[in-house]
Amino acid sequence: MRRRDLLAGLLATTTTATALWAAEQNKVYRLAVCSQSGMDSFGGPFWILLFNRLAQMGFTEGKNLIVDRYATEGRPERYEEVARKIVQAKPDVIAVGFDHQFILQVAKETTAIPIVATFGDPVAAGILKNMARPERNITGVSLDAGIEMQGKHLEVLRQAVPSASRVAYLSNRAEWEGAWGQAVREAGQRSGVSIIGIPMERSAREPEYQQAFETMAQQSVEGLMANGLPPNFGHRELILGLAVKYRLPSITWWTDIADSGQVFLAYAPDYSYSFLRWADEVGQTLNGVPPAEIPIQQPTKFILAINLKTAKAIGLDVPSTLILRADKVIE
């Protein structure tokens, strides 16, 4: 789906609850937003969704809403500085993307300003202990169904490539050494698959990814799992291209580009629904609803996408049983 079509579909969705969360008249609100990429990423569909959704709720930039934009540019050495600047500006609400380490850094700087974030699994990441009733000044939307999704990804990959006994797991170092790595290693043990960790620094760029795929080739891996957290998300086209170059069957979280990039398998929630809920929660907190009263929402609908063009490019025949299960097949 093209970016324009994706955005149009997202913005077409409305809820009756919007009126209940509408902005108060004659009040000016201040919102801080931070991207894990560069400033140009605010032109992307999900950020545009946020601003348009807020406008539907009566929070209009340039009228009654001041938006302070920040970007970490994928540089961990800037996290503390950027987090401090955000808090010093004293916004009413802070909205951040799914960089667990940066969310934790912002939480160190303030225990009072509401933080509305998108996460993987916030409990596994050590951000929260209770998703039903967040005990901190943090709420938001989870973009997976829990840490056990790592095992589901391995299961789907092995259904596509039953012979794969050595699977690489491409992840940032913090997640590989934490709950995500533990979950995928345990899933590998249950299914008799050797998991080869390929940890990346948060500051990784193209040369580091090139080297990572060289390492996979040297270690004779037969499949690839790439998690959707930074820095992978910012380099997803690169990762997908390298997977095709090395003829490596892969599963990723990027269903939104399944028919445009070089995705082979993608299994992920319906991002349009998740990001719409996130935007609604930003509006709720701007209107004074405490984060503790906004449960962390998890997705209930998932999309399995298979790109048969990519399968052909890497010389793989996908079992018909898996194709029949797919929600989206690109031929």
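Two strands are taken as paired if DSSP finds at least two bridges between them. Helices (H or I, at least four residues) and strands (E, at least two) are DSSP runs, numbered from the N terminus. The model is predicted: local features need pLDDT of at least 70, side-chain atom pairs count only at pLDDT 80 or more, and totals for chains, interfaces and linings use all residues. Residues are numbered from 1 along each chain as its sequence is written, and side-chain values use heavy atoms, with hydrogens and water left out.

In S2, Ala32 has Asp68 as its bridge partner. Cys34 is likewise bridged in S2, by Tyr70. Strand S1 (residues 29-35) pairs with S2 in the parallel sense, over seven bridges. These strands belong to an open sheet of five, ordered S2-S1-S3-S4-S5, with parallel pairing. Its edges are strand S2 (65-71) and strand S5 (138-142), each of which pairs on one side only. From one strand to the next, the twist averages 20°. Angles here run from 0 to 180 degrees between N-to-C directions, and axes are lines fitted to C-alpha atoms, for helices over the stretch in contact. S2 is mostly covered, with five of its seven residues buried. Buried means under 20% relative accessible area, exposed over 50%, and partly exposed in between (1.4 Å probe, protein chains only).

Helix H3 (residues 79-88) lies across S1, S2 and strand S3 (93-96). H3 runs at about 170° to S2. Helix H4 (residues 100-109) lies across S1, S3, strand S4 (115-119) and S5. The direction of H4 is at about 160° to S4.

A second open sheet has seven strands, in the order S7-S6-S8-S9-S10-S11-S12, and its pairing is mixed. Strand S7 (194-200) and strand S12 (328-330) stand at the edges with a single partner strand each, so one side of each lacks a neighbour in the sheet. Neighbouring strands are turned by 20° against each other on average, direction ignored. Helix H8 (residues 206-218) packs on this sheet and touches strand S6 (166-172), S7 and strand S8 (223-226). H8 makes about 160° with the direction of S7. Strand S9 (residues 250-252) and strand S10 (residues 265-269) pair in the parallel sense over two bridges. Thr252 stands opposite Ala266 in S10.

Helix packing was examined next. Two packed helices are described by the angle between their axes and the distance between the axes. Helix H5 (residues 149-160) and helix H7 (residues 179-191) pack at about 45°, with axes 8 Å apart. H5 is therefore oblique to H7. Angles under 35 degrees count as roughly parallel, over 145 as roughly antiparallel, 65 to 115 as roughly perpendicular and the rest as oblique. The crossing of H5 and H7 is right-handed. A crossing is right-handed if the near helix is turned clockwise from the far one by less than a right angle, and left-handed if anticlockwise. H5 contributes Gln150, Gly151, Leu154 and Arg158 to the contact (heavy atoms within 4.5 Å). H7 contributes Trp180, Ala183, Val184, Ala187, Gly188 and Ser191. By class, this contact has five nonpolar, four polar and one charged residues. Ala, Val, Leu, Ile, Met, Phe, Trp, Tyr, Cys and Pro count as nonpolar, Asp, Glu, Lys and Arg as charged, and the others, Gly among them, as polar.

Gln150 of helix H5 counts as buried, at 1% relative accessibility. Not counting residues up to four places away in sequence, Gln150 touches Tyr169, Trp180, Ala183, Val184, Met225, Asn227 and Trp253. Glu186 is found in helix H7. Glu186 is partly exposed, with a relative accessible area of 35%. The C-alpha atoms of Glu186 and Ser35 are separated by 32 Å, and the two residues lie 151 residues apart along the chain.

Helix H2 (residues 45-56) and helix H10 (residues 271-286) form another packed pair, whose axes come within 9 Å and cross at roughly 45°. H2 is thus oblique to H10. The crossing is right-handed. On H2, the contact residues are Phe46, Trp47, Leu49, Leu50, Arg53 and Leu54. On H10, they are Tyr271, Phe275, Leu276, Arg277, Trp278, Ala279, Asp280, Val282, Gly283 and Leu286. This contact has 12 nonpolar, one polar and three charged residues.

Ala313 is found in helix H11 (residues 308-313). At 37% relative accessibility, Ala313 counts as partly exposed. Leaving aside neighbours within four places in sequence, Ala313 is in contact with Val244 and Arg247.
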